[in-house]
Amino acid sequence: YNPDDSSDTFEPSAPVSADEEWWNVEWERNIYERCLEQVRREVSQQTMEIFRLLVSDGLSTTQAAERVGVAPAIVYHAKSRVTKRIADLAKRYMDC
């Protein structure tokens, strides 16, 4: 937006209907599920277990580390690795 250029005006986007909102949520959920399935094929079962404990079960890093029997640093690394890979895959889907 350039305030000195009268042809470049800001126009807010139209409100999203409930159907469009539902579609967007379902689309993003579907992309997330596809990415998660791909990541499951790429990482160890332990890495996915750590990710599930943190994200789905809501355990803290310390709790997940104790449950799996690893150091907290390994939990941080596992979550970071899975999260980054999901984000990378999702970006590819969104760019299509």
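Trainee: What should I know about the model before reading any values?

Mentor: This is a predicted model, in which local features need pLDDT of at least 70 and side-chain atom pairs count only at pLDDT 80 or more, while totals for chains, interfaces and linings use all residues. Residues are numbered from 1 along each chain as its sequence is written, and side-chain values use heavy atoms, with hydrogens and water left out.

Trainee: How many helices and strands does the chain have?

Mentor: There are 4 helices and 0 strands, and from the N terminus the order is α-α-α-α. Helices (H or I, at least four residues) and strands (E, at least two) are DSSP runs, numbered from the N terminus.

Trainee: What share of the chain is buried?

Mentor: Of the 96 residues, 23% are buried. Buried means under 20% relative accessible area, exposed over 50%, and partly exposed in between, with a 1.4 Å probe and protein chains only.

Trainee: How do α1 and α4 pack?

Mentor: Helix α1 (residues 18-42) and helix α4 (residues 72-95) have axes 9 Å apart, at an angle of about 130 degrees. Axes are lines fitted to C-alpha atoms, for helices over the stretch in contact, and angles run from 0 to 180 degrees between N-to-C directions. α1 is therefore oblique to α4; angles under 35 degrees count as roughly parallel, over 145 as roughly antiparallel, 65 to 115 as roughly perpendicular and the rest as oblique.

Trainee: Which residues of α1 and α4 make the contact?

Mentor: Contact means heavy atoms within 4.5 Å. Among the residues involved are Trp27, Ile31 and Leu36 of α1, and Arg85, Leu89 and Tyr93 of α4. By class, the contact of α1 with α4 holds 12 nonpolar, 1 polar and 5 charged residues. Here Ala, Val, Leu, Ile, Met, Phe, Trp, Tyr, Cys and Pro count as nonpolar, Asp, Glu, Lys and Arg as charged, and the others, Gly among them, as polar.

Trainee: And α2 with α4, at what angle do they cross?

Mentor: The axes of α2 and α4 cross at roughly 90 degrees and come within 9 Å, so the two helices are roughly perpendicular to each other. Thr47, Met48, Ile50, Phe51, Leu54 and Val55 in α2 meet residues of α4 including Val75, Ala78 and Val82. That contact of α2 with α4 has 10 nonpolar, 2 polar and 1 charged residues.

Trainee: Is Thr47 buried or exposed?

Mentor: Thr47, in helix α2 (residues 45-55), is buried, with a relative accessible area of 11%. Leaving aside neighbours within four places in sequence, Thr47 is in contact with Ala78 and Val82.

Trainee: What does Val75 touch?

Mentor: Val75 belongs to helix α4 and is buried, at 0% relative accessible area. Apart from neighbours within four places in sequence, Val75 is in contact with Ile50, Leu54, Thr61, Ala64, Ala65 and Val70. The C-alpha atoms of Val75 and Gln63, 12 residues apart along the chain, are separated by 9.8 Å.

Trainee: Changing topic, how many aromatic pairs are there?

Mentor: The count is 1 aromatic pair. Rings of Phe, Tyr and Trp (its six-membered ring) pair if their centres lie within 6.5 Å; planes under 30 degrees apart count as stacked, over 60 as edge-to-face and the rest as tilted.

Trainee: Where do Trp23 and Trp27 lie?

Mentor: Both are in helix α1, 4 residues apart, about one turn of the helix. Trp23 is exposed, at 51% relative accessible area, whereas Trp27 is partly exposed at 41%.
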